[in-house]
Structure formats: structure tokens, C-alpha cells
Amino acid sequence: MDNTFWKSIKQNDFAIPEGFTVEQLTPELLSYLGSPDPELRDDFTLPILAYWMYRGHYSLAEQREMIARLGGNLTQGIGEDGTDSVFLRSFSALLLAEMVNLDNKHPYLEETEIRMLLLQALAYLGAEQDGRGYITGKGWAHACAHTADWLMVLARNRHIGVADLERILK
């Protein structure tokens, strides 16, 4: 699909286009998380996926599958600095933050899943080497900021206790 297709979804209140299903479109959207094209990544992928999550277009199994895929993305190219691989990691962290935020508003994750996400966030924060912010022509990389967003929503989660909050602070 091209940018015009994704733009039309956004312009039509994020409705799924006739003849398509969420199951067909989601893998392509997820592949754009690592795109150096900021329009695909920032303007289309994140808002479309978030709207679809908040509108309940994904089953619990699909959400768990997405969490697993995004968690795997956090290690792709980890340790690299100055490469485009940062986009996949960083924007996977940001989408995971949205998924935890959804759980904060409408609980769907178990305590063990939240604890796993906390461990992943802390591990990713410690391993990420690419601290770039804005990259000319490619937009925001923001690995540190997106991980901070993820940790912020985790800190607000019902399954996170005082000891967890202290780990986040450290």
C-alpha cells in the first residue's frame, strides 16, 4: 500500500477500508515501524494501530502476538549507533507504551505480562546505544524518550508496586 492509501484511512476516521481486514493490514503497518520515512512511521502507522487497538479491533490473542513481536523488535540491531535500525526499536517501544496505556484504561493484561514488559523496558533502556533525537530527513528517533513514555505508563499500571517503581527510578 502507498501513503495515499494510509492517508485515506486517517481521513476517514480510521475506518478499515472496504475489502480489507485488520488482519490483512496490520502486518504491513508493523513493518513500517522501522521505516526511515517519518510519514509512514509517525503519521500513519502509530495512529492507525493505536486507534484500532482502542476501538477493540484486536482480539486478546492478537494483542499478545503483537506484544511478542514488538518485544522481539527491541533487540534488532541493538548496540548499533547511527543506523536506521533505531526506528524499529524505538517505535516498537512507543507502541508497547500505547498497549500498556490501553491496559491502564481497560485492563486486559495479566500481572505476569506487565512484569515481563517492565523487564523488557528496563533491559532495552540499558542496552540501547543510539541516543539521537531528530534525524534530518527521517524524523524523530527518540529511543530514550519513547522508552521513558513506556516506563511512565508502566509506572501507572495497577500491577506495579513500590519496589518496581524504585527499579524504574534506578
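The largest share of the lining of the largest pocket, five residues, comes from α2. The model is a predicted one. In this model the largest pocket has a volume of about 180 Å³. Its lining consists of V22, E23, T26, P27, L30, Y58, E62, E65, M66 and R69. Helix α2 spans residues 22–31, and both α2 and α4 supply at least two residues of the lining. Sorted by class, the lining holds five nonpolar, one polar and four charged residues.

**Packing of α4 and α5**

Two packed helices are described by the angle between their axes and the distance between the axes. For helix α4 (residues 60–73) and helix α5 (residues 85–105), the axes come within 8 Å and cross at roughly 150°. The crossing of α4 past α5 is left-handed. On the α4 side, the contact is made by Q63, M66, I67, L70, G71 and N73, which meet L88, R89, S92, L95, L96, M99 and L102 of α5. The residues of this contact divide into eight nonpolar, four polar and one charged. M66 takes part in the contact with α5 and also lines the largest pocket.

**Surroundings of Q63**

Q63 is a residue of helix α4. Because its relative accessible area is 6%, under the 20% limit, Q63 counts as buried. Apart from neighbours within four places in sequence, Q63 is in contact with Y58, M99, L102 and Y108. Two of these partners, M99 and L102, belong to the α5 side of the helix contact, while Y58 is one of the residues lining the largest pocket. Q63 and L109 lie 46 residues apart in sequence, with a C-alpha to C-alpha distance of 9.5 Å.

The values are set out below.

Conventions
Residues are numbered from 1 along each chain as its sequence is written. This is a predicted model: local features need pLDDT of at least 70, side-chain atom pairs count only at pLDDT 80 or more; totals for chains, interfaces and linings use all residues. Side-chain values use heavy atoms; hydrogens and water are left out. Axes are lines fitted to C-alpha atoms, for helices over the stretch in contact, and angles run from 0 to 180 degrees between N-to-C directions. Helices (H or I, at least four residues) and strands (E, at least two) are DSSP runs, numbered from the N terminus. A crossing is left-handed if the near helix is turned anticlockwise from the far one by less than a right angle, and right-handed if clockwise. Contact means heavy atoms within 4.5 Å. Ala, Val, Leu, Ile, Met, Phe, Trp, Tyr, Cys and Pro count as nonpolar, Asp, Glu, Lys and Arg as charged, and the others, Gly among them, as polar. Buried means under 20% relative accessible area, exposed over 50%, partly exposed in between (1.4 Å probe, protein chains only). On a 1 Å grid over the protein atoms alone, a cavity is a set of points where a 1.4 Å probe fits but cannot get out, and a pocket is an open set with protein on both sides within 12 Å along at least five of seven lines; lining residues have an atom within 4 Å of a point. Grid points are joined across faces, edges and corners, and a volume is the space filled by probe spheres set on the points.
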